[in-house]
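Subject: Structure handover

Hello,

Here is the structure I said I would pass on. Please open it alongside this email.

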Amino acid sequence: MNQEQKKMTVFLTSSPSGPLDQPNDEKVLDEKNGFVKNLKNCWKPEMRGLIVASAPDAYDRNDEMKDFFFQAFSNSGVPVTEFDIWDHRRRQPDRETLAFYDVVMLGGGHVPTQNRYFEEIHLRECLEGYGGIVIGVSAGTMNSAGVVYAQPENPGESVDPDYRRFLHGLDLTEIMVLPHYQMVKDFMLDGKRLMEDITYADSHGRQFLALEDGSYLMIADGKTRLFGRAHRIADGVLTTICEDGESMLLA
């Protein structure tokens with residue numbers, strides 16, 4: 001990360017609105033592990049927000065996501081005056097346009113699809129020197145790494161010899177994050193266990209950070225701090241390194 005990038009504050013979440021497998025009828029952000037408190041500490045009046053979509057042609061879903069988070073931020077005491085969506089309905093972004101926004105969210109979805117869109121709009125280059133807040137959501141968090149582990153997700157991906165499991169991301173962190181661990185740890189894919197048979201094997205010579213919903217990374221002033229329950233996966237071994245209510249400095 002260069003010196004200019006250190007000016008931004010980055011939150012890399014598993015899910016900023018609570019567990020994906022539980023309802024959020026109140027439309028609020030998850031206050032667990034001090035997430036909303038830490039947002040408020042770097043929030044200011046009249047914040048303008050932008051969501052960069054993961055699926056640039058899924059207009060209805062993107063609008064639904066935008067409306068949900070506009071309400072959730074307001075209900076949680078960190079309101080934005082406007083929340084725009086960036087997908088194929090908008091022209092190619094540039095640094096000047098991005099600088100108009102105080103907070104940029106990187107939406108959740110399918111990691112390789114989002115990665116291709118980020119490359120298409122040159123988001124990595126557009127974020128250079130950005131001085132606002134960046135919030136990664138699930139796939140958006142995964143694609144924030146320099147080297148992204150695109151954990152197989154859809155049927156057939158784990159057995160497809162052409163499926164690329166490692167991609168170039170946004171270079172906002174060196175940490176390869178896996179979200180929603182509490183929800184996906186027992187998933188099966190292509191007749192194999194997603195974690196033990198696929199992900200653990202891919203961790204040899206590498207290290208992944210598995211976040212549970214409600215846990216997140218905060219990157220500010222060149223330091224990365226982990227909040228909440230999380231696990232390190234390295235060389236085929238999972239180790240719990242942090243619990244809910246705790247935090248630890250990673251770098």
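Below is what turned up, starting with the open space and ending with one aspartate.

Please keep in mind that this is a predicted model.

**The largest pocket**

Start with the largest pocket. Its volume is about 970 Å³. The lining takes in 39 residues. To find the centre, select L20, G108, G109, S138 and H180, which lie nearest to it.

Which elements supply at least two residues of that lining each? Helix 2 (59-75), helix 6 (139-142), helix 7 (181-184) and strand 9 (188-189) do. Helix 2 gives the largest share, with 7 residues.

By class, the pocket lining has 20 nonpolar residues, 14 polar ones and 5 charged ones.

**The cavity**

The structure has 1 cavity of 30 Å³ or more. The volume of the largest cavity is about 40 Å³.

Its lining is made up of T13, S14, S15, P16, D30, K32, F35, G214, S215 and Y216. Sorted by class, that gives 5 polar, 3 nonpolar and 2 charged residues.

**The cysteines**

How many disulfides does the structure hold? The count is 0. Take C42 as an example. The closest cysteine sulfur to its own belongs to C242, and the gap is 19 Å. A disulfide needs the two sulfurs within 2.5 Å, so C42 and C242 are too far apart for a bond.

Is C42 buried or partly exposed? C42 has 26% relative accessibility, so it counts as partly exposed. C126 has 8%, so C126 counts as buried. The cut-off for buried is under 20%.

**D87**

Last, look at D87. It sits in the loop that runs between strand 3 (80-86) and helix 3 (95-99). Is this aspartate buried or exposed? Its relative accessible area is 1%, so D87 counts as buried.

What does the D87 side chain pair with? It makes a polar contact of 3.1 Å with the side chain of N62. N62 is also on the list of residues in contact with D87, along with A53, P56, Y59 and Y117; that list leaves out neighbours within four places in sequence.

Best wishes

How values were computed:
Residues numbered from 1 in each chain as written. Predicted model: local features only at pLDDT ≥ 70, side-chain atom pairs only at ≥ 80, totals over all residues. Heavy atoms only, no water. 1 Å grid on protein atoms, 1.4 Å probe; cavity = no way out; pocket = protein on both sides within 12 Å on 5 of 7 lines; lining within 4 Å. Points joined across faces, edges and corners; volume = space filled by probe spheres on them. Helix = DSSP H or I, 4+ residues; strand = E, 2+ residues; numbered from the N terminus. Nonpolar A, V, L, I, M, F, W, Y, C, P; charged D, E, K, R; others polar. Buried < 20%, exposed > 50% of the residue type's maximum accessible area, 1.4 Å probe, protein only. Polar contact = N/O pair within 3.5 Å; in protein donor to acceptor, adjacent residues only side chain to side chain. Contact = heavy atoms within 4.5 Å.
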